[in-house]
Amino acid sequence: MNKLQELKKHLRRGRVYRRADLSRWSKSVDRHLDELVSEGTLQKLSHGLYFYPEVTAFGEAPPEEDVLVRSFLKDSRFLLTSFNAYNALGVGTTQLYNQKIVYNHKRHGDFDLGGKTFSFRVKPHFPTKVTKEFLLVDLLNNLEQLAEDPKEVVSNVRFRAKTMDQKKLKKVLLDYGSSKAKRILEPILSS
């Protein structure tokens, strides 16, 4: 069995691999990666990041976003969200956005991973999962980046905040809110 075949034995469908992950099974990892990509076994997602696709009835499935981000960051401490999630709050946001937001402790900037744009933002604190309270505060934190009319959105946010769990919202605002978000929501939460 040649070295390339030996390397292939270690690959699992649906997994994302870093170059460093594969170097433990190959002494000529760059040559083997080039061969695996050219034959279609692996897909190159980004510099040093490769994917072994699962084959479904509909063709090759793309990597799951959380698996992709976890491999890119080499860390599982991140929160994956999107400005599209604000639309579920019922505060007048209706735009659809193509990029995902990744709150994390390591990387900052926009990266194309497998044809999708991820905006990595270093934050000292973020929750482990997205809640409607977090989304409301996060919307205010990112208000200037949205396509909707900010005055109308803020008016709707104030109304929506009154209908939410005040205790949870106050805690999320304290933990994750920008000074602008606090200025908008604190008068509502203190009444």
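**Close-up 1. R19 and its partner D30 in a predicted model.** In this predicted model, R19 is partly exposed, with a relative accessibility of 35%. Its side chain meets that of D30 in a salt bridge, with 2.8 Å from N to O. R19 belongs to helix α2 (residues 19-22) and D30 to helix α3 (residues 29-38), so this pair ties together parts that are 11 residues apart in sequence. D30 is also partly exposed, at 44% relative accessibility.

**Close-up 2. R31 and E35 within helix α3.** Here the salt bridge joins R31 to E35, and the closest N and O atoms are 3.3 Å apart. What separates these two residues along helix α3? They sit 4 residues apart, which means about one helical turn lies between them. R31 has a relative accessible area of 46% and is partly exposed; E35, at 28% relative accessibility, counts as partly exposed too.

**Close-up 3. The salt bridge of R77 with D75.** The closest N and O atoms of this pair are 3.1 Å apart. Is D75 buried or exposed? D75 has a relative accessible area of 12%, so it counts as buried, the cut-off being under 20%. R77 is partly exposed, at 48% relative accessibility.

**Close-up 4. A network of salt bridges.** Which residues are linked here in a network of salt bridges? They are E65, K100 and K116. Side chains of opposite charge can pair when their charged atoms come close. To put these views in context, the structure holds 8 salt bridges.

Methods:
Residues are numbered from 1 along each chain as its sequence is written. This is a predicted model: local features need pLDDT of at least 70, side-chain atom pairs count only at pLDDT 80 or more; totals for chains, interfaces and linings use all residues. Side-chain values use heavy atoms; hydrogens and water are left out. A salt bridge is a side-chain nitrogen of Lys or Arg within 4 Å of a carboxyl oxygen of Asp or Glu. Buried means under 20% relative accessible area, exposed over 50%, partly exposed in between (1.4 Å probe, protein chains only).
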